[in-house]
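Biologist: Please take me through the reading of this model, feature by feature, giving the general idea before each case.

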Amino acid sequence: MPVNPDLPERTFPPVAPYLVGREKVREFARATRASAAVHHDVEAARSAGFADVVAPPTFPIVVAEATLQQLLAEPDAGIDFSRVVHGDQRFTYSRPVVAGEELTATLRVTGVKTLGGNAMVTSETDMVDAAGQHVVTSVSTLVVRGDDA
């Protein structure tokens, strides 16, 4: 089944809030080799003006992953996960993510393009804090290989 060309502008319901844990931030920082003290040391983060350790710039992918699962599970999306390659990932911040806060994420499909028998599905996941203020937007492009690819 080909990717549904009517996916753009489809918005999924917000996923359950994600509590950003201090140890998760540290684990992610170690895994991505983010060595700045603000990612590991609470006192260093507080000295820099933050309430707790600061998540590395790509950490929001952890939160966005749940929204991408919604898209992949959509019955009429036509996205066969066994044929998916992650094509692009970007983040646009209003402010850094800090341990102890709760983020709620909502995914919206922004584009579907067909190129050489493959489909490129672009989506945006907006993440807001408990007060409903924007924190970060994750833009992801999935390449869904066609039958001949």
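Predicted model: local features only at pLDDT ≥ 70, side-chain atom pairs only at ≥ 80, totals over all residues.

Biologist: Which pattern does the protein chain follow along the sequence?

Modeller: Helices (H or I, at least four residues) and strands (E, at least two) are DSSP runs, numbered from the N terminus. Here the protein chain has three helices and five strands, and their order along the sequence is β-α-α-α-β-β-β-β. Along the principal axes, the C-alpha atoms fill a box of roughly 55 × 30 × 20 Å.

Biologist: What percentage of the 149 residues of the protein chain count as buried?

Modeller: Buried means under 20% relative accessible area, exposed over 50%, and partly exposed in between (1.4 Å probe, protein chains only). By that criterion, 40% of the 149 residues are buried. As for contacts (heavy atoms within 4.5 Å), 68% of those with a separation of 6 or more join residues 24 or more positions apart.

Biologist: How is helix α3 to be read, and where does α3 bend?

Modeller: The expected span of a helix is 1.5 Å times one less than its number of residues. Helix α3 covers residues 60-73, and its 14 residues reach 20 Å from first C-alpha to last, close to the expected 20 Å. A bend at a residue is the angle between axes fitted to the seven residues ending there and the seven starting there; in α3 this comes to about 30° at Ala66.

Biologist: Which residues of α3 are buried?

Modeller: They are Pro60, Val63, Ala64, Thr67, Leu68, Leu71 and Leu72. The buried residues of α3 pack against β1 (18-19), β2 (84-93), β3 (102-115), β4 (118-128) and β5 (134-144).

Biologist: What volume does the largest pocket have?

Modeller: Rolling a probe the size of a water molecule over the atoms shows where empty space is left. On a 1 Å grid over the protein atoms alone, a pocket is an open set of points where a 1.4 Å probe fits, with protein on both sides within 12 Å along at least five of seven lines; lining residues have an atom within 4 Å of a point. Grid points are joined across faces, edges and corners, and a volume is the space filled by probe spheres set on the points. The largest pocket comes to about 290 Å³. Its lining has 16 residues, of which Met1, Pro2, Val3, Arg145 and Gly146 lie nearest the centre. Strands β3 and β4 each supply at least two residues of this lining, which by class holds seven nonpolar, five polar and four charged residues.

Biologist: Which element gives the most to the lining of the second largest pocket?

Modeller: Helix α3 does, with five residues. The second largest pocket has about 150 Å³ of space, and the residues that line it are Ile61, Glu65, Leu68, Gln69, Leu72, Phe81, Val84, His86, Ser140 and Leu142. At least two residues come from each of α3, β2 and β5. The classes are six nonpolar, three polar and one charged.

Biologist: Is Arg26 buried or exposed?

Modeller: Arg26 counts as buried because its relative accessible area is 18%. Arg26 sits in helix α1 (residues 22-31) and, leaving out residues up to four places away in sequence, touches His39, His40, Val42 and Val53. Asn4, in the segment before β1, is likewise buried, at 12% relative accessibility. Beyond its neighbours within four places, Asn4 is in contact with Arg10, Asp76, Ala77 and Val112.

Biologist: Why does Arg33 count as exposed?

Modeller: Arg33 counts as exposed because its relative accessibility is 75%. Arg33 lies in the loop between α1 and α2 (42-47). Pro75, in the loop between α3 and β2, is exposed too, at 70%. Between the C-alpha atoms of Pro75 and Ala29 there are 35 Å in space, with 46 residues of separation in sequence.

Biologist: What is phi of Arg33 near?

Modeller: Most residues other than glycine have a negative phi. Arg33, however, has a positive phi near 60°. Glu9, in the segment before β1, also has a positive phi, near 75°.

Definitions and conventions: Residues numbered from 1 in each chain as written. Heavy atoms only, no water. Nonpolar A, V, L, I, M, F, W, Y, C, P; charged D, E, K, R; others polar.
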